[in-house]
Protein chains: 2
Amino acid sequence: MAGKRLGKQTIKLQNPPSIVSTAVIAGPKEGEGPLRLYFDAIIDDEMWGEKSWERAESKLVRETFGRILNKAGKAPSEINYIIAGDLLNQCIASTFGLRESEIPFFGVFGACSTMAESLSLGAMLIDGGFADNVVAITSSHFCSAERQFRFPLELGTQRTPTSQWTVTASGGALLSSEGSGPYITHVTTGKIVDMGIKDANNMGAAMAPAAADTIYAHFQDTGYAPERYDLIVTGDLGAVGKSICEDLLKREGYYMGGVYNDCGIMIFDRRKQDVHAGGSGCGCSASVFSGYIYQEMKKGNLNKVLFVATGALLSPASSQQGESIPGIAHAVAVSRTLS
Amino acid sequence: MAGKRLGKQTIKLQNPPSIVSTAVIAGPKEGEGPLRLYFDAIIDDEMWGEKSWERAESKLVRETFGRILNKAGKAPSEINYIIAGDLLNQCIASTFGLRESEIPFFGVFGACSTMAESLSLGAMLIDGGFADNVVAITSSHFCSAERQFRFPLELGTQRTPTSQWTVTASGGALLSSEGSGPYITHVTTGKIVDMGIKDANNMGAAMAPAAADTIYAHFQDTGYAPERYDLIVTGDLGAVGKSICEDLLKREGYYMGGVYNDCGIMIFDRRKQDVHAGGSGCGCSASVFSGYIYQEMKKGNLNKVLFVATGALLSPASSQQGESIPGIAHAVAVSRTLS
């Protein structure tokens, strides 16, 4: 047996996989943000020489995937599985971006929780002895997401203060049974949580209860407290959702204090970049994880991180039909060393 | 270590999980088809008392999930993971159908290969010791799929001879570390295969190369031949895709002969039911597997089955942008006994 179950939702990995390389390619707006120095490349415009935003997003995935392998010195034939998904209908950014890879492929859909979902499954496949090398990768693109989920960009629609800005980026990581860390030590898998929020322009509020639920489960299952971590980072709740998540955890007796931040807040300078409540999209938490968090762990500036990517499981059809917005959050605990 | 890798794409499970219960709820047209006696329930109309087809599809998932647990005598709290996905944008049939389950949830997207993908991941999670009970479930709905992928039903658009009919059904299975079979013994995970087919009304031709590729990989990795199996069944290639798949495998020296069939052909009577090339949709292979195949294995009429669900990874946007249709196929080998 490989994994050890802790409580209802958590696995303590017995042979914690290493993250041996990561890569991020980000859009022009993200390239003007505070994390720009952590990106491998910044594209000049949202089209990146392609005929459509969707094709540009697939190219982001394809090129990011290539960089992940290059940085690890791995050939595609050494990768046992790719686990990938994105926000576009039928996940076409991932499937078209990776169709030439010739690697066994598991498509996932977790909305903006995708990066943590793919890391979770990848870590378990390695811990269980099913794989030696797994790539977890995702993407989002502001323009392809806006026209799919909201309004044609050409309308110039006014955005609400609670709205978030979909990040243009692809981020991913290569997990391996061999390596010197950082290591994925725990996986806490989220339940779908629906508190009845119906405003598709306030997804932070819709996702916050799911984030709080998974963080609470992680603490309950492991016996850990927030102080164990140098950084607990939610996926993309933005400013509105982050404070709700903090409040919900406070009610359960967990004070997140200075260790808590949110990828949607970190990726943009909200005072200067006109992104309202912050960033969102699968590419938001993926690029913060694969860029800032990974590099700061490698440098030794972060030792233990709980990465909690959060997804809003809505579609335009569900919103048009008056449905609320279920949320989900998956957590992976990452340690710089195994001591 | 749990799983044992065979070749490039196959896992031989060391502790093969049992399929302890399955359930299928199908639509009215499916309920007039040749497999009607294998369904747990047949709904009278496509709306099933709901306000929209999408909500009806979510209800199919919710009720099928309940039946799976009831038949196994399991409470939701005993289920470690649900692995689910569907064809609707952002997989809303699954997430809305299962949002009250309170069970850790992995969303997957494999188009019509979803049932085999979720069985594959579920089997590995159990074999690896990460879970004791996993539910793999999916759905499709003719009306919700038609309006999303093709034309408003009200137009009464003429269908091409190569087109397939999306099945209205939800099917699913409970995998467990304990039980008396049938057992999942092998998992062969597919690569994305794109042969350049662009006709969204001929998805059988688009998916056939992926199916042949995965079946070929399974034989190469394991050393098995078609004769090992009582039934090799592809997901939903339909009549057009099935003969292409047979031809492709024949070129590689594998004669499928009488053991090969296709879920899209089995679920409807094509002479009487006006479905052109056959059935399709995640619910097609899911209901044939969870209904006919499971029950015939339990009765002892089928001993070894290779279930190869196939997905066409297109979206309306990708087709409108002139893209071809990548396909993917995942295979799971199921044995009535472990001898």
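## Two chains and what holds them together

Between chain A and chain B, the rule finds 8 salt bridges across the interface. Keep in mind as you look around that this is a predicted model.

**The interface**

How many residues of each chain take part in the contact? In chain A there are 63, and they touch 63 residues of chain B. The size of an interface is often given as the accessible area lost when the parts come together. For chain A and chain B that buried area is about 5300 Å², with 59% of it on carbon and sulfur atoms.

**Salt bridges, within and between chains**

Searching the whole structure gives 21 salt bridges over all chains. Here are three of them, with the distance from N to O.

| Nitrogen side | Oxygen side | Distance (N to O) |
|---|---|---|
| Arg147(A) | Glu54(A) | 2.7 Å |
| Arg147(B) | Glu54(B) | 2.7 Å |
| Arg55(B) | Glu323(A) | 3.7 Å |

Take the pair in chain A to start with. The side chains of Arg147(A) and Glu54(A) meet in a salt bridge. Arg147(A) belongs to helix 4 (residues 142-149) of chain A and Glu54(A) to helix 1 (residues 53-72) of chain A, so the pair ties together parts that are 93 residues apart in sequence.

Next comes the pair that links the two chains. It crosses from Arg55(B), in helix 1 (residues 53-72) of chain B, to Glu323(A), in the loop between helix 9 (316-320) and strand 15 (327-335) of chain A. Arg55(B) and Glu323(A) are both buried.

Arg147(B) sits in helix 4 (residues 142-149) of chain B and Glu54(B) in helix 1 of chain B, so parts 93 residues apart in sequence are tied together. Arg147(B) counts as partly exposed at 40% relative accessibility, and Glu54(B) counts as buried at 8%. Some salt bridges share partners: Arg55(A), Arg99(A), Asp194(B) and Glu323(B) are joined in this way into one network.

**A covered helix in chain A**

Of its 8 residues, 7 are buried, which makes the helix mostly covered. Among the buried ones are Phe142(A), Cys143(A) and Phe149(A). What do the buried residues of this helix pack against? Their neighbours are helix 1, strand 7 (133-140), strand 8 (165-166) and helix 9 of chain A.

**A covered strand in chain B**

Now turn to strand 5 (residues 81-86) of chain B, where 6 of the 6 residues are buried. On one side of this strand lie Tyr81(B), Ile83(B) and Gly85(B), on the other Ile82(B), Ala84(B) and Asp86(B), and both faces are covered.

Strand 5 of chain B pairs with strand 7 (residues 133-140) of chain B in the parallel sense, over 6 bridges. There, Ala84(B) stands opposite Ile137(B). Strand 6 (residues 105-107) of chain B also runs parallel to strand 5 of chain B, joined to it by 3 bridges. In this pairing Ile83(B) stands opposite Phe106(B). To get from strand 5 to strand 6 of chain B, the chain passes through helix 2 (residues 92-97) of chain B in a right-handed β-α-β crossover.

Most residues other than glycine have a negative phi, and most peptide bonds are trans. Cys91(A), however, has a positive phi, near 50 degrees. Cys91(A) lies in the loop between strand 5 (81-86) and helix 2 (92-97) of chain A and counts as buried at 4% relative accessibility. Glu102(A) has a positive phi too, near 60 degrees; this residue is in the loop between helix 2 and strand 6 (105-107) of chain A and counts as exposed at 55%.

Finally, the peptide bond from Gly181(A) to Pro182(A) is cis, with omega near 0 degrees. Pro182(A) is found in the loop between strand 9 (169-176) and strand 10 (183-188) of chain A. In chain B, the bond from Gly181(B) to Pro182(B) is cis as well.

Note on methods:
Residues numbered from 1 in each chain as written. Chains lettered and ligands numbered in written order. Predicted model: local features only at pLDDT ≥ 70, side-chain atom pairs only at ≥ 80, totals over all residues. Heavy atoms only, no water. Buried < 20%, exposed > 50% of the residue type's maximum accessible area, 1.4 Å probe, protein only. Helix = DSSP H or I, 4+ residues; strand = E, 2+ residues; numbered from the N terminus. Pairing = 2+ DSSP bridges. Right-handed = clockwise from strand over helix to strand, strands pointing away. Contact = heavy atoms within 4.5 Å. Buried area = accessible area lost by both parts, 1.4 Å probe. Salt bridge = Lys/Arg side-chain N within 4 Å of Asp/Glu carboxyl O.
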